[in-house]
Amino acid sequence: MNSSGTTASAELGLRLVVPDRTAVPLVARLDYTADDPYAIKVAFHTGEDEPVEWIFARELLTVGIVRAAGDGDVRVWPETGSGERTVNIALSSPFGQAQFDAEVSPLAEFLHRTYEIVPAGQEGDYVDLDSEIERHLQP
């Protein structure tokens, strides 16, 4: 896991859950920056030239470790079975659906680092809302 004062990144081993087949292992890169304190960018390396990127709410991933969270395009929930603690991530888009599982420990470690960078409840201190609104209103 890499981190500096305002950013953190990590590689996370995932398993793509394929119905009636063995799960397919893959790697995702997680990136967090204080410049966008509510979000975590996840780049799924699927073997194609370019990774598939999704943006997750940091809180969604945090809550999803302990109980089901999200609806619609992104859902996260803990695995209730025995053995290693895992978390499930289900993604849905007009192009298809995918479900992954990952070990909780490395994800929780990465999330912990993001909260060291920007503590929960202090995200608004890192966003200049006036400049963001102005940026979106400019032609």
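The structure, a predicted model, holds one aromatic pair. Rings of Phe, Tyr and Trp (its six-membered ring) count as a pair if their centres lie within 6.5 Å; planes under 30 degrees apart are stacked, over 60 edge-to-face, and the rest tilted. The pair consists of F44 and F100 and is stacked, at 4.8 Å centre to centre and 15 degrees between the planes. It links distant parts of the chain: F44 lies in strand β4 (residues 39–45) and F100 in strand β8 (residues 96–103), 56 residues apart. Helices (H or I, at least four residues) and strands (E, at least two) are DSSP runs, numbered from the N terminus. Both F44 and F100 are buried (under 20% relative accessible area, 1.4 Å probe, protein chains only).

The largest nonpolar core has 32 residues. Such a core is a set of buried Ala, Val, Leu, Ile, Met, Phe, Trp, Tyr and Cys residues joined through side-chain atoms within 4.5 Å. F44 is among those with the most contacts inside this core, as are L14, I40, F56 and L91. Helix α2 (residues 104–117) gives the core its largest share, five residues.

Strand β8 pairs with strand β7 (residues 86–93) in the antiparallel sense, over eight bridges. Two strands pair if DSSP finds at least two bridges between them. β7 and β8 form a hairpin with two residues between them. S92 stands opposite Q97 in β8. Strand β2 (residues 7–16) also runs antiparallel to β8, joined by three bridges. There, F100 is the bridge partner of L16.

Residues are numbered from 1 along each chain as its sequence is written. Local features need pLDDT of at least 70, side-chain atom pairs count only at pLDDT 80 or more, totals for chains, interfaces and linings use all residues, and side-chain values use heavy atoms, leaving out hydrogens and water.

Notes
Buried means under 20% relative accessible area, exposed over 50%, partly exposed in between (1.4 Å probe, protein chains only).
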